[in-house]
Every structure is written in structure tokens, then in C-alpha cells.
Amino acid sequence: MKKVTNVFWIALGLVILAVAYGAIAPGSFAEVTGNIEGFLTTSFGWYYLLIVSLMVLFCLFFLISPMGQIRLGKDTDKPEFSFGSWIAMLFSAGMGIGLVFWGAAEPLSHFAIDPATAEPGSAEAFKESMRFTFFHWGIHAWAIYAVVALSLAYFQFRKGEPGLISATLKPIFGNKMNGPLGVAVDVIAVFATAVGVATTLGFGTVQINEGLSFLIPSVPSDNFTVQLIIIAVITVLFMISAWSGLSKGIKYLSNANMVLAIALLALVLILGPTLLILNTFTDSLGAYFQNLMGMSFRAAPIDGENRAWIDGWTIFYWAWWISWSPFVGIFIARISRGRTIRQFLVGVLLIPTVISFIWFAAFGSTAMDVQNSGVDLTGLLTSEVLFGVFNELPMGIILSIIAVMLITTFFITSADSATFVLGMQSTNGSLNPANSIKLTWGIAQSLIAVILLSAGGLDALQTALIIAAFPFSFIMLMMMASFYKAVTLDYKATKRKR
């Protein structure tokens, strides 16, 4: 209990300090965090490129290795959730709201505003935009989540360890993980989770505000009062869901997410430039695999302009996924008991990647087609681009209503998954944390989002989260070494028994 108390209070203290700084002196906070982030992305961009590529290779190795038959649990354990519900839950927690937020906006930016290498608005920029969007949201992103989730699920369900990041490092550090070193590891994970979800709550609130403003002109755009009401309603909803547990609220909402997402995707495929979408998906998929190696290690050492683009997009994304990996990894691990390592990696690494590619091909191609038709979308805020695209399509109001519903349900599932994860980390890895603990973290996340929205410190806190990813990246490297060591011994022991 002492260790749990230390982790809880130290992490909570750090979150309060960061939020207080961002609320009281947002300008200073933004400057300090921006300078640190700039130093890390510029000086350690090569490091992020290398370690994320290593994570991809690590996952592919276990996907094809004979060790992939080892079960994440006892040999007789069966999966707790159906395959469909499992995919829906891990996808909703991992990227759901991000796909809606960036689905049209990122390809449009790479095409018409800030291409990687091509001329803005050119045919080459069109192709390049989809290739790099696939790259940022594809196998590399999910490999980062998979490394954390795989290690946690293995040690928790097969070895009987608590569901804590520190517990996965015991094959390397032994009982030292029960002391201050373990506390430090878990504090970093809790801080990243709490701050990451709070910033997402903030950005999700802004997009819901824009969507309501588009649908109901009397609702003011970018208005703090409207955003406060949205957060209050969402908080009540996600706390009800979190209170009901994994097998009810989170599971049902995740399934609803997928139904709404499929409906919106199907409508965009039908109402948008269908042939262009299908051709773009096929062409971009081939370009992605053809250029995967080059994109993975692209550092542009002697081209300052291209280097700045890589820092601002690719390195930022790799750091962002790493900063989210404690939260998403712990949640995916919790719902993955009973699956083999190979089944797990197919579900976490490959299926969400394909879904993401289809999503971006549909929404990105449609956005760029609207831009080419003479409607300038480049002056819109990121949170407005999706609704700007829908405004040019048949049934635009219906599409926008479904989109707002989808953002809301993704919003709720991300938040209630986070309260569950924070509850686990605050109760020594309990599989079913007390509702009072989840309620505490849920209210804390919402208050953080409200404070930062009112003070304009949301972007700076997001930057602080990217900074937190740097030390956690070293923890992930150690998790990979620890997992390999433990699974190799496990596999050898299993072979001897046979």
C-alpha cells in the first residue's frame, strides 16, 4: 500500500504543478515547454526514428516466431471478450477520436498547406500526403502501443504480476522494482496518462463545439461557456460508463463507436468521390509499402526545410504515441487475457492499421477533392476542416450529426478507459479498481481540461506530454529486453515439457 500511495500522490502532485503553471502563466509555460520540445525533436529525432523502427521489428519478430504461440495467461485461459468487441475497445481507446479529428485535416495539410517535399496543390503532393498520413497512423504507431500492451499482458496474466509498468522490468532489475525505482517508473506512466487524456478531453471538446456551431448557427464557435457545458455532460456520461465496468459500459460504447464509424465511412464512400477514394487507397497502400523503409529512417540531415517538416510531423507523432502508450498499453493489456502472442499482434498491429488506412483514404481524398474543386479549406481551423468538407457534400447535415455523435462516443470511451487505467495504476494494478478511485481520476481529468481551456494552456500541456515521452522511451526499451528474456525462458521450458 505504501508504494501505491507514493505513486498516486507523487503523480498527482506533478500533474497539479504542471496544470497550475499552465493556468497561471500560460505564456511562460508555453515558452519553456516549447524550448524543451524543440531541443528534443531537433537533437534526438534520429533516436526516435531508430527506436520506433526497432519496435516494429520487435513486434514482427514475435508475430512470426514460434514463441508467438505462447498464451497471454495460463495455457487453459480463454479470451474474455469476443474478437469484435476486443477490436472495438482497443481501437476506441487507441486512436478513435484522433481519426475523426485528423481524418480530413492531415491529408489536406500535407497536400495544400505544408507538403513534405512536393509543391503545394500538385499531383505529387496529393500522393505524398496520403503516403505520409498512412505512415504516421500505421504499423509504427500501433507497434508502440503493442510493445507496452504485450509486455504488460504477459507479466500480468501469465506470470501473476500486478498490472504496473514497473512489474514488467523485474526480469532485469529484480526486487529493485518494488522500491523507489519502481515508483519512479509508475509515476511517469501515471503522469503521462493523466495529462494525455486531459489534453485530449480539451481538444475533443473544441471539435464538438465546432460541430455544434456548424449544425446550430446560434451556438457560438470556440466559446468557453459552451465548452464547459460539453465537458460537464461528457464527464457525467463517461463516469456512468466507467462505473458500470469493462463488460458493460466501455464494451457497449466501443461497439457503438464502430457502428457509427462504419456508417459514417460508408456514407463518405458513397457521397464522396468514390472512384478517387478507391484508387487513392490502392495506390497509397502500394506507395506506403514501397517507401516504408525510406520513410522509417528519413532524417534529412542536410536539408533544413525537410528536417523541420520531419520534426514537426513524424518526430512529433512518434513522441505523441509513446506518451500515450502507458494509458493505451495498460488498457489493451487488460482486455487481452487469453489470447496468444500471435493473435494479439494480428489484432493490435495489423487490423487497426488497415482500418486507419481505409479511413484516411476516404476522408483525406474527399477533403483534397473539395480543395481542388475551388473551395478553399486551408483557412479553417483543424477542428473545423471535417465539417467544412461535409458542407460541400450531399446530406452534409446528416454527416455532421453522425460525426458529432461519433466524436462524443469516442470521447467518452477514451475518458472512461483512462479512468479505468488510472484506477488500476493507483491500486497496485488491480483488475477492477474501486469506483471511488475511478470517480476521483475522472473528475480530476475534466477539471484539468476546464482549467487549461479557460487559461489557453492546452497546447503547452500537450507539449509537456511530448517531453514526458522522452524518459518513457527508455523504459520501453527496457520493457522489450525484459519481455524477450522472460518469453525466451518460458518457451524453452514449454519445449522441455513437451
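Biologist: In which hand does α10 pass α17, left or right?
Modeller: In this predicted model, helix α10 spans residues 180–215 and helix α17 spans residues 396–426. Their axes come within 10 Å of each other. The crossing by which α10 passes α17 is left-handed.

Biologist: How are α10 and α17 oriented to each other?
Modeller: The two axes cross at roughly 165°. An angle over 145 degrees falls in the antiparallel class. The helices α10 and α17 are therefore roughly antiparallel.

Biologist: How many charged residues does the contact of α10 with α17 hold?
Modeller: The residues of this contact divide by class into 18 nonpolar and eight polar. The remaining class, charged, has one.

Biologist: Which residues of α6 make the contact, and what is the hand of the crossing with α15?
Modeller: On the α15 side, the contact is made by Phe360, Gly364, Ala367, Met368, Gln371 and Asn372. By class, the contact has seven nonpolar, three polar and no charged residues. The crossing is right-handed, and the residues from α6 are Pro107, Leu108, Phe111 and Ala112.

Biologist: Which residues touch the most other members of the largest nonpolar core?
Modeller: This core has 171 residues, and helix α14 (residues 304–334) gives the most to it, with 17 residues. Not counting residues up to four places away in sequence, Ile165 touches Val148, Leu152, Val185, Asp186, Ala189, Ile330, Phe472, Ile475 and Met479. Those that touch the most other members are Ile165 and Phe344.

Biologist: Is alanine 300 buried or exposed?
Modeller: Alanine 300 lies in the loop between α13 (274–296) and α14. Its phi is near 45°, a positive value in a residue other than glycine. The relative accessibility of alanine 300 is 15%, and the cut-off is under 20%, so alanine 300 counts as buried.

Notes:
Residues are numbered from 1 along each chain as its sequence is written. This is a predicted model: local features need pLDDT of at least 70, side-chain atom pairs count only at pLDDT 80 or more; totals for chains, interfaces and linings use all residues. Side-chain values use heavy atoms; hydrogens and water are left out. A crossing is left-handed if the near helix is turned anticlockwise from the far one by less than a right angle, and right-handed if clockwise. Helices (H or I, at least four residues) and strands (E, at least two) are DSSP runs, numbered from the N terminus. Contact means heavy atoms within 4.5 Å. Ala, Val, Leu, Ile, Met, Phe, Trp, Tyr, Cys and Pro count as nonpolar, Asp, Glu, Lys and Arg as charged, and the others, Gly among them, as polar. Axes are lines fitted to C-alpha atoms, for helices over the stretch in contact, and angles run from 0 to 180 degrees between N-to-C directions. Angles under 35 degrees count as roughly parallel, over 145 as roughly antiparallel, 65 to 115 as roughly perpendicular and the rest as oblique. A nonpolar core is a set of buried Ala, Val, Leu, Ile, Met, Phe, Trp, Tyr and Cys residues joined through side-chain atoms within 4.5 Å. Buried means under 20% relative accessible area, exposed over 50%, partly exposed in between (1.4 Å probe, protein chains only).
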